[in-house]
Amino acid sequence: MSGDARPGLLSVEAALAQLLALAEQAPILDRETLPLAEAQGRVLAEPLVAGLDLPPWPNSAMDGYALRLADWQGEPLRVSQRILAGQAPEPLEPGSCARIFTGAPLPEGADCVEMQENTEVLADGRVRFLAPLKAGQNVRPRGQEARLGEQVLDAGTRLGPVQLGLCASLGAARLVVRRRPRVAVLSTGDELVEPGQPLGPGQIYNSNRRLLGSWLERLGCTVVDAGILPDDLARTRARLAELGDVDLILSSGGVSVGEADFLGKVLREEGELMLWKLAIKPGKPLTVGHYQSVPVIGLPGNPASTLVTFALLARPYLLRRLGVAKVTPLRFPVPAGFAWNRAGSRREYLRARLELGRAVLYPNQSSGVLRSVSWADGLVEIPEGRTLVEGEAVDFIPLSELLV
């Protein structure tokens, strides 16, 4: 849709579905191969396939004694060898047990391990087993975690500490990942001033530039800092033309169709402008369009609105362009530590934190109060048209799910 078309209020689900559909039409397919140590936060471009069985041999899950169950009839067994992790054991001598330590390979012929707490070492060095034994106990079998040729991580997996540790355990020294998205971040309005500069009449410091820039970096994007767009048509057009090769233009301050909306005017003249107004609070104004075929997302300017709409809409869009399948955050029900008497026409996302298992709200839920998010550890979702009594279940979205 282009020109000055103005769709009505969209639900969060409808807006997200449209954004994800747009993302899937413009996937970032370019790839590069990186050393394991440099792949933090990146997205796998191809599946990780196990190049070996993991573990490569049966090993002990405990410090104790390895034995062949058929050799034991309840009598003490002599110790025929001592096996440390990293050693290659000898085959187990019939009628004996082996002193073994956690992670050490199981000797050929042994089929169980008893932990040392359930044994007694006699004066002659033999070992008495004090509890019933069964085959396979305390043994990690070969290939328990992965088999040679098995697909362990899917393409589209984001690589965090756990995934990188798994890659390392399989001996993967280099990984093929999607290239970083290049995102141009710009702010709009003569009222904005960068920190460190004096404030003039009617001016405020630009918090969204740092908020979005650092968030994008944590998402694995390359940030192109486009600065502050002045309220001037010619300079706005020139700044956009200077951006070069980027995958997304992300603005805060939004894009509207007002007479002072110079960014929107350039988009309508040189691209496409879809003006979405969402049934969401905070964050009703949101714009999606194109500038000379480059996708543009215009976020609302108030800091809490910027955060909510980026977290719930722009972040999933970027992840889907990288091929990530699961882009929506974890949410879970918690008891409300508050009453809610205002059944609104828009879905509300309230800044809250958990205290004694209940969601407690920050006292000032204004869309301009970024401090509310610094205080909070999550967002409480209040569906359209709903009221609450204290203690009712509400959905809670942890900020730890969103700020990565």
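Let's start with Gly220. Just after helix α3, Gly220 takes a positive phi of about 90 degrees. By helix I mean a DSSP run of H or I with at least four residues, by strand a run of E with at least two, both numbered from the N terminus.

A word on the basis. This is a predicted model, where local features need pLDDT of at least 70 and side-chain atom pairs count only at pLDDT 80 or more, while totals for chains, interfaces and linings use all residues. Residues are numbered from 1 along each chain as its sequence is written, and side-chain values use heavy atoms, with hydrogens and water left out.

Back to α3. Which of its residues are buried? Asn208, Leu211, Leu212, Gly213, Trp215 and Leu216. Buried here is under 20% relative accessible area, exposed is over 50%, and partly exposed lies in between, with a 1.4 Å probe and protein chains only. What covers them? The cover includes strands β14 (182–188), β17 (222–229), β18 (248–252) and β22 (294–299), plus helices α6 and α8 (399–402).

Take α6 from that list. Helix α3 spans residues 208–218, and its axis comes within 11 Å of the α6 axis, crossing at roughly 25 degrees. Axes are lines fitted to C-alpha atoms, for helices over the stretch in contact, and angles run from 0 to 180 degrees between N-to-C directions. So α3 is roughly parallel to α6. The cut-offs: under 35 degrees is roughly parallel, over 145 roughly antiparallel, 65 to 115 roughly perpendicular, and the rest oblique. The crossing of α3 and α6 is right-handed.

Who makes the contact? On α3, Asn208, Leu211, Leu212, Trp215 and Leu216. On α6, Pro303, Thr306, Leu307, Phe310, Ala311, Arg315 and Leu318. Contact means heavy atoms within 4.5 Å. By class, that is nine nonpolar, two polar and one charged residues. For the classes, Ala, Val, Leu, Ile, Met, Phe, Trp, Tyr, Cys and Pro are nonpolar, Asp, Glu, Lys and Arg are charged, and the others, Gly among them, are polar.

From α1 come Val12, Ala15, Leu16, Leu19, Leu20, Leu22, Ala23 and Glu24. From α6 come Leu312, Leu313, Pro316, Tyr317, Arg320 and Arg321. The tally for α1 with α6 is eleven nonpolar, no polar and three charged residues.

Next, the cores. In soluble globular proteins, nonpolar side chains tend to be buried together. A nonpolar core here is a set of buried Ala, Val, Leu, Ile, Met, Phe, Trp, Tyr and Cys residues joined through side-chain atoms within 4.5 Å. How many residues are in the largest one? It has 47, and Leu250, Trp276, Ile297 and Phe310 have the most contacts inside it. Helix α6 gives the most to this core, with ten residues. Apart from it lies another core of 17 residues, among them Leu36, Leu54, Leu164 and Val177.

One more residue on α6. Ser305 sits in that helix. At 4% relative accessibility, Ser305 counts as buried. Beyond four places in sequence, Ser305 touches Pro282, Gly283, Pro300 and Ser367.

Now two glutamates. Glu194 is in the loop between β15 (192–193) and β16 (204–205). Buried or exposed? Buried, at 16% relative accessibility. Leaving aside neighbours within four places, Glu194 is in contact with Tyr205, Asn206, Arg209 and Ile228. Glu191 lies in the loop between β14 and β15. Glu191 counts as partly exposed, at 34%. With neighbours within four places left aside, Glu191 contacts Gly202, Gln203 and Ile204. Glu191 and Asn206 are 15 residues apart along the chain, with C-alpha atoms 8.9 Å apart.

Last, a pair in contact. Leu153 is in strand β12 (residues 151–153), and Gln163 is in helix α2 (residues 161–169). Leu153 is buried at 10% relative accessibility; Gln163 is partly exposed at 25%. Not counting residues up to four places away, Leu153 touches Leu44, Pro47, Leu48, Leu159, Gln163, Leu166 and Cys167.

Technical notes. Left-handed = near helix turned anticlockwise from the far one by under 90°.
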